[in-house]
Amino acid sequence: MVPKPEEINLLTGESDAQQLEAEKKPTSALDEPVSHWRPRLALNVMADNFVFDGSSLPADVHRYMKMIQLGKTVHYLPILFIDQLSNRVKDLMVINRSTTELPLTVSYDKVSLGRLRFWIHMQDAVYSLQQFGFSEKDADEVKGIFVDTNLYFLALTFFVAAFHLLFDFLAFKNDISFWKKKKSMIGMSTKLWKVKKALKMTILWRGLMPEFQFGTYSESERKTEEYDTQAMKYLSYLLYPLCVGGAVYSLLNIKYKSWYSWLINSFVNGVYAFGFLFMLPQLFVNYKLKSVAHLPWKAFTYKAFNTFIDDVFAFIITMPTSHRLACFRDDVVFLVYLYQRWLYPVDKRRVNEFGESYEEKATRAPHTD
């Protein structure tokens, strides 16, 4: 296969050894496939003393069986399975002219019949992906889900994913995600723009026809908007230097394939940082107002479940470290929100993050004679 380009320090450039190696190769040979070495060989032998029915042998195991006749009984030799799934592309080693010896690790283990059939099906499935046009890299990513993850944890992940789909279906069925009102289909207020911070526009859906309503901000909404703007200003003072400093640090200490790779990585880290930035103002508003907006328990449960569902997949899917850390930023914000929910009272007059207010006017105290 074509070897992937080596990562270098963009400021210092290649080392002398890399330059000498590149000068020996013609220009046309840099993109040609070269031989690679697999440093690991995994052998598995089925240890179960299982008696098969000769008239209905399973097709997946049958092609690995070697039969011998002993008298009137047909026996099969111990089934040997060479594990191809454990061979990852990232583990391959380039064989060049200067290579004199290469490492080889041979591992031997026993396997049950059920696990053997599972690995055979997984290996055939990965092979089928390549037949359907998947690149070797894409097939290798799918392979890594089954190889680098414990099977019990993988089964738990599939169960959680199925439960998540069921939960989304029930949420859609009960209009949790649309926050339906009595007199409108969606009823989610959306502030599109503000004129001199005094005029607001709200969209209410009645059937398929939108209805626009104009009004002015209440004192509570004005304070919320003021604190939100104040929080964004303070956080930007912190995050802008961090993003620039992180980009400079990675340029000095981390190796990249090209300047384009460094630029994309810096932009991606900036997106993760600003995504975290936009989550924090709500916590600041709660702190300044010493209250939290009301959230129905169904919506709260849905929000909590979606917050922690990404953490499960962050452990089994191959992804950059920065993206994996970004999966946990929701957890931090949500845990702080839980603390605020315990510390501050719930104000139903406040508009929550979905544009809903559950008490338009403050409840008056009873009149006493």
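**Contacts, salt bridges and helices in the predicted model**

Arg-40 touches Ser-86, Asn-87, Leu-104, Thr-105 and Ser-107, with residues up to four places away in sequence left out of the list, a contact being a pair of heavy atoms within 4.5 Å. The model is a predicted one, in which local features need pLDDT of at least 70 and side-chain atom pairs count only at pLDDT 80 or more, whereas totals for chains, interfaces and linings use all residues. Residues are numbered from 1 along each chain as its sequence is written, and side-chain values use heavy atoms, with hydrogens and water left out.

Arg-40 is found in strand E2, which covers residues 40-46; helices (H or I, at least four residues) and strands (E, at least two) are DSSP runs, numbered from the N terminus. The side chain of Arg-40 is joined to that of Ser-86 by a polar contact of 2.9 Å, a term that denotes a pair of N or O atoms within 3.5 Å, of which, within protein, one must be able to donate a hydrogen and the other to accept it, residues adjacent in sequence counting only if both atoms are side-chain atoms. With a relative accessible area of 37%, Arg-40 is partly exposed, where buried means under 20% relative accessible area, exposed over 50%, and partly exposed in between (1.4 Å probe, protein chains only). Between Arg-40 and Pro-103 the C-alpha to C-alpha distance is 8.3 Å, although 63 residues separate them in sequence.

Met-46 also belongs to strand E2, and with a relative accessible area of 7% Met-46 is buried. Apart from neighbours within four places in sequence, Met-46 is in contact with Tyr-76, Ile-79, Val-111, Ser-112, Leu-113 and Leu-116. The C-alpha atom of Met-46 is separated by 5.7 Å from that of Lys-110, which is 64 residues apart from Met-46 along the chain.

The structure holds four salt bridges, defined by a side-chain nitrogen of Lys or Arg within 4 Å of a carboxyl oxygen of Asp or Glu. One of the four salt bridges is formed by Arg-117 and Asp-60, with the closest N and O atoms 2.9 Å apart. This pair links distant parts of the chain, since Arg-117 lies in helix H3 (residues 113-131) and Asp-60 in helix H2 (residues 59-62), 57 residues apart. Arg-117 is partly exposed, at a relative accessible area of 33%, whereas Asp-60, at 8% relative accessibility, counts as buried.

A salt bridge is also formed by the side chains of Arg-63 and Asp-124, at 2.7 Å from N to O. Here too distant parts of the chain are linked, Arg-63 being in the loop between H2 and strand E3 (67-70) and Asp-124 in helix H3, 61 residues apart. Arg-63 counts as partly exposed at 47% relative accessibility, and Asp-124 counts as partly exposed at 31%. The side chains of Asp-330 and Arg-329 likewise meet in a salt bridge, at 4.0 Å from N to O, and Asp-330 is partly exposed, with a relative accessible area of 22%.

Helix H4 (residues 136-147) has 12 residues and reaches 16 Å from its first C-alpha to its last, close to the 16 Å expected at 1.5 Å a residue, the expected span being 1.5 Å times one less than the number of residues. In H4, the residues Ala-139, Asp-140, Lys-143, Gly-144 and Phe-146 are buried. Seen down the axis of H4, these buried residues fall within an arc of 160°, so they line one face of the helix; the arc is that of the directions from the helix axis to the C-beta atoms.

Arg-88, in the loop between strand E5 (80-83) and strand E6 (93-94), touches Asp-140, Lys-143, Gly-144 and Asp-148, not counting residues up to four places away in sequence. The side chains of Arg-88 and Asp-140 make a polar contact of 3.1 Å, and Arg-88 counts as buried at 5% relative accessibility.

UniProt, in an unreviewed entry, places the feature "transmembrane region" at residues 151-172, 234-252 and 258-280; such annotations may be inferred rather than shown by experiment. Over residues 234-252 the chain is 100% helix and 0% strand, with the end C-alpha atoms 28 Å apart, while over residues 258-280 the chain is 83% helix and 0% strand, with the end C-alpha atoms 34 Å apart.

Asn-286 lies in helix H8 (residues 281-289) and counts as buried at 1% relative accessibility. A polar contact of 3.0 Å joins the side chain of Asn-286 to that of Gln-340.
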